[in-house]
Amino acid sequence: MTTSSPRTPLRASKVAMLCAVALPALMALTPAAAKTLVYCSEGSPENFAPSINTTGTSFDATEQIYDNLVKFERGGTQVTPGLAEKWTVSKDGLEYIFVLRKGVKWHSNKNFKPSRDFNADDFLFTMNRQWVESDPYFKVTSSNHSYFNDMGMPKLLKSIEKVDDYTVKVTLNKPEAPFLSNLAMQFAGIQSQEYAIAMLKAGTPEKIDQEPLGTGPFVLVQYQKDAIIRYKAFPQYWKGAAKIDDLIFSITPDASVRWAKLQKGECHVMPYPNPADLDAIRKDANVTVLEQPGLNIGFLAYNTTKKPFDDVRVRKAINMAIDKKAIVSAVYLTTGIAATNPIPPTQWSYNKSIKDDAFDPVAAKKALAAAGYPNGFTTDLWAMPVQRPYNPNAKRIAELMQADLAKIGVTAEIKSFEWGEYRKRMQNGEHQMGMLGWTGDNGDPDNFLNTLLGCDSAKTNGSNVAKFCFKPFEDLVQKAKLVSNPAERTKLYEQAQVIFKEQAPWFTIAHAVQLKPVRKEVIDFKLSPFGRHTFYGVDMK
């Protein structure tokens with residue numbers, strides 16, 4: 001889950017100018033009877049490779065193109081059939097047999113026309129390019145398969161076998177309670193083996209990730225970085241053609257510009273409104289604001305492998321020094337609640353009994369002295385360059401934190417980088433303190449507690465940017481994966497949250513409310529608990 005576009009946001013005026021040029025030209029190409037929906041996205045995708053991406057912006061771009069074996073119901077967390085019609089699971093939880101759907105067509109483009117329908121070879125290709133280092137596609141575009149690795153897939157998978165063209169068998173080394181939910185996540189979006197082979201022979205293997213072909217409801221027509229993505233409905237989609245004919249992502253990094261476009265009807269759906277704009281947005285008669293509790297967390301991660309944050313006493317002292325309520329009040333306004341635990345209150349197994357660290361600068365200063373820092377210390381404080389659902393203004397939050405820390409003798413230097421560089425450097429552990437966050441991908445606590453705080457993901461390039469690897473915590477989280485009974489899993493996750501709070505690898509900031517302003521001519525757009533933007537099933541008046 002994620003994060004956002006790694007592109008440095010353009011100035012609002014430049015984006016508005018680019019889109020003002022691009023959109024009318026595209027609209028002119030659209031038949032009068034065609035239905036066009038414009039989504040004002042917040043940034044450019046990294047690429048169109050679901051197995052490599054980790055950002056919400058990129059996932060939104062690929063969500064329209066690819067299908068998975070299994071999928072989440074629209075607007076919910078229930079796993080339903082996708083490219084697999086049905087499946088069986090052995091009693092010991094180690095063997096999954098998937099029966100694949102027949103007659104599923106692939107998209108085509110100027111470089112490639114498929115000669116066959118989707119089959120088992122495509123699922124094997126999709127998994128092997130992330131799993132098998134000798135696979136010719138393992139390093140194409142990137143060898144950093146973050147999701148696959150952070151969830152421990154290399155250790156979990158024993159074998160993936162093609163039984164026949166429309167049956168695959170997956171064998172695990174141990175039971176894994178969230179395995180089916182994991183397969184519904186974006187990293188498992190199915191790519192075409194036949195297209196991959198053709199592009200490899202042509203000497204352009206990267207084209208499968210730049211000029212993507214999927215089996216999904218929309219075909220990519222055009223992508224102009226920092227300006228526009230244009231899709232057309234795929235008429236041969238196995239579930240039936242989409243209700244809208246043309247889908248346009250108008251890339252608009254500035255939230256105020258997105259709101260201005262929504263008012264004018266230049267876009268129909270916008271993400272991540274400025275909290276300060278909400279009163280005006282709610283008063284607009286042409287707009288409906290959809291909202292629900294967000295499955296997310298914004299946090300400040302302490303690099304637990306670097307001094308002085310390798311000392312839990314220092315981490316607890318910093319937690320006590322920062323005025324969380326003031327941050328939530330000043331930055332989130334009415335769109336967030338203060339976070340205590342590393343998972344949101346809407347996530348099952350949330351431990352309600354845990355109390356947050358008190359804001360107590362006097363106690364914080366004493367704790368620092370006891371840890372050997374009576375005069376404080378100097379540190380960096382990384383702030384994200386982009387607005388995210390879990391953090392509407394990282395720079396402002398960093399400034400408030402900086403002022404609080406100065407009061408206990410800690411000098412914090414605020415740093416930031418272009419978004420892709422920021423994420424890469426944090427995953428590599430270059431920071432001492434850095435802000436990041438997460439929106440859940442599969443409705444399972446494992447997606448927070450293991451993916452963000454487990455030992456596998458603490459390695460270089462992993463999503464555990466605190467580099468936190470603590471055996472008592474790890475043992476609980478790994479044991480919870482093996483248990484199928486939800487009540488037993490809940491107890492284990494509740495205990496893990498107690499240890500998290502004691503060890504304080506993060507300063508938990510806030511959980512944001514998911515807010516989506518949508519124009520009233522849009523019919524049946526549903527909020528995703530994962531913060532995704534899915535347009536299959538949406539219609540226009």
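**Reading ring pairs and a helix crossing**

Modeller: Searching the whole structure, which is a predicted model, turns up 28 aromatic pairs.

Biologist: How do I read one of those? Take Tyr39 and Phe249: what kind of pair is it?

Modeller: Look at the ring centres and at the angle between the planes; over 60 degrees counts as edge-to-face. Here the centres of Tyr39 and Phe249 are 4.9 Å apart and the planes sit at 70°, so this pair is edge-to-face. It also links distant parts of the chain: Tyr39 is in strand 1 and Phe249 in strand 10, 210 residues apart.

Biologist: Are Tyr39 and Phe249 buried or exposed?

Modeller: Both are buried. They also belong to one aromatic cluster, together with Tyr231, Phe525 and Phe535.

Biologist: And what about the rings of Phe59 and Tyr147?

Modeller: Their centres are 5.6 Å apart with planes at 65°, so that's edge-to-face too. Phe59 lies in helix 2 and Tyr147 in helix 4, so the pair ties together parts 88 residues apart in sequence. Buried means under 20% relative accessible area, so Phe59 counts as buried at 2%, and Tyr147 does at 4%.

Biologist: Now helices. How do the axes of helix 12 and helix 14 cross?

Modeller: Check the angle between their directions; over 145 degrees counts as roughly antiparallel. The axes of helix 12 (residues 324-332) and helix 14 (residues 394-406) come within 10 Å and cross at roughly 150°, which means helix 12 is roughly antiparallel to helix 14. The crossing is right-handed.

Biologist: Which residues of helix 12 and helix 14 meet?

Modeller: From helix 12, Ile327, Ala330, Val331 and Tyr332; from helix 14, Arg396, Ile397, Leu400 and Met401. By class, that contact has seven nonpolar residues, one charged and no polar.

Definitions and conventions:
Residues numbered from 1 in each chain as written. Predicted model: local features only at pLDDT ≥ 70, side-chain atom pairs only at ≥ 80, totals over all residues. Heavy atoms only, no water. Axes fitted to C-alpha atoms, helices over the stretch in contact; angles between N-to-C directions. Helix = DSSP H or I, 4+ residues; strand = E, 2+ residues; numbered from the N terminus. Parallel < 35°, antiparallel > 145°, perpendicular 65-115°, else oblique. Left-handed = near helix turned anticlockwise from the far one by under 90°. Contact = heavy atoms within 4.5 Å. Nonpolar A, V, L, I, M, F, W, Y, C, P; charged D, E, K, R; others polar. Phe/Tyr/Trp six-rings, centres within 6.5 Å; stacked < 30°, edge-to-face > 60°. Buried < 20%, exposed > 50% of the residue type's maximum accessible area, 1.4 Å probe, protein only.
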